[in-house]
Amino acid sequence: MSPIRVTRGKGEILELRDYLRVLRKGWVMIVVLVLVGVSIAALYSILATAKYQASAKVFISVQSAGTIADLTQGSNFTQNQVKSYADVIITPAVLQPVIDKLGLDTTAESLAKDVTASTSAGTVVVDIGVSDTSAQRAADVANAIASSFEATVSTLVPSDASGVSPVKITILQKALVPDSPYSPNTRLNLLVGALVGALLGFAISVLRFILDTRIRNEHDVEQVTSAPILGGIAFDPKAGERPLVVQDDPRSPRSESFRTLRTNLQFLVTSARPKSYVITSSIPGEGKSTSAANLAIVTASAGTKVVVVDADLRAPKLADYLGLEGGVGLTDVLVGRAELSDVLQPWGTHQLFVLSAGRIPPNPSELLGSAAMIKLIEALEAEFDLVIFDAPPLLPVTDGAILAKHTGGALVVVGAGRVHRGQLAGAIGALQSVGSNIAGIILTMVPSKGPDSYGYGRYGYGYGYGYGDSSNKTDVSSTIGSSPVDGGAERMDASVGRS
């Protein structure tokens, strides 16, 4: 059986797993609307006027001489005419005498709206139903109509030669006073209210999901590009206060995300491929600079010789994050004002070096695509095991796409819940238009709980792998690279890479 599918934009479908996400994300709204529906139904049931229904039954027959032929003929005649007789019940000829007899303050036309006369095919029994706000009055009116109907038919049908009416009306069952109202049906109203609320809540949730074009998880990324997802960086509400989370809180879920990303990246960095990669994003604010800095730190802590280059020559941030001097750097090397060895700055206790942006030039794109830049990339690849470039976002400027063309490829940072699918598609298109390789996708700001999370252990989220209490924080120099803690991280990364 094929899965239920609904169109979700151009070339996209809504599958069963998307419906489950809709339920998980919209269950609060659905529950609220169910409660609203039940409340409205309950209020209606309380305020609605109770109505009672009473019914009487009459039998229609034909009087004859008594021969078999006469009885058969009379029975057939009665069955053919019983519908016409039933229609007589709701006419003023029958109802007006009832109004006069009971002294009702209404008209025959108004009373007819509360009276039903029904019969089943092949029978000569007519059910007379009356609804009223008074149970006693409903029974009295039903009985009065049966009597009035009997008298009216005798006057409508001419008598035979012996003075006897050929049609006889017999009251089979008198109406009894009903014990409970038939309307409102409180149980049915509550059920309908709950059902309508649930359907409305689900419909609104589906509509919100269809209209939501933000990238929220790996499934949304797969709708845009087939590039591999190398890792997901856990969301940290304090990321602005501690951008270097692998140093400030090495035991946090976000730090573990970077360690897992490091392991996955090692499968890309081989002797047969270039050792340099550009970390960029679609728009500003997706966490590319913090991702570049933290990835460089955890990679260097594993014994790899790493250099991270601030190639964002429009809004450089790496020097500030790492606490280094940023006045002299990449631009000075490219224009020949300084030698590479003079501006490279070591960071930390491991083999991590930083090349800051330097002065902001008037022509960033030209510098990043120049022959001097290509020569610098070759020099860095020859000296270091891994070269990471922090480049500007792809949609505002072309710097990142130009730079990625001369490296091993681009690692595109995708901020979950921040960037739209159209924006990611535009960024991917910008890279492809210049022939740049897309090495992989790095999801950032990914929630560790809820419908858009990756689940326990998918990208190193959560605790429970022998790291102990996260509140017991120590300096990174004592936890990364030399202690049993880092050894545990290495073993975990290796197991994740194999799985």
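The following questions and answers concern a predicted model and the criteria behind its assigned features.

Local features require pLDDT of at least 70 and side-chain atom pairs count only at pLDDT 80 or more, while totals for chains, interfaces and linings use all residues. Residues are numbered from 1 along each chain as its sequence is written, and side-chain values use heavy atoms, without hydrogens and water.

Q: Why is the contact between the side chains of K57 and D127 called a salt bridge?
A: A salt bridge requires a side-chain nitrogen of Lys or Arg within 4 Å of a carboxyl oxygen of Asp or Glu. For K57 and D127 the N to O distance is 2.5 Å, so the pair qualifies. The pair joins distant parts of the chain, with K57 in strand β3 and D127 in strand β5, 70 residues apart.

Q: Why does K57 count as partly exposed?
A: Buried means under 20% relative accessible area and exposed over 50%, with partly exposed in between (1.4 Å probe, protein chains only). K57 has a relative accessible area of 29% and is therefore partly exposed.

Q: What makes E256 buried?
A: Its relative accessibility is 2%, so E256 counts as buried. R259 is likewise buried, at 2%. The side chains of E256 and R259 meet in a salt bridge (2.6 Å, N to O).

Q: Why are E256 and R259 separated by about one helical turn?
A: Because they lie three residues apart in helix α9 (residues 253–266).

Q: What places the charged end of K305 over the ring of F384?
A: The criterion asks for NZ of Lys or CZ of Arg within 6 Å of the ring centre and within 35 degrees of the ring normal. The charged end of K305 sits over the ring, 5.1 Å from its centre.

Definitions and conventions: Helices (H or I, at least four residues) and strands (E, at least two) are DSSP runs, numbered from the N terminus.
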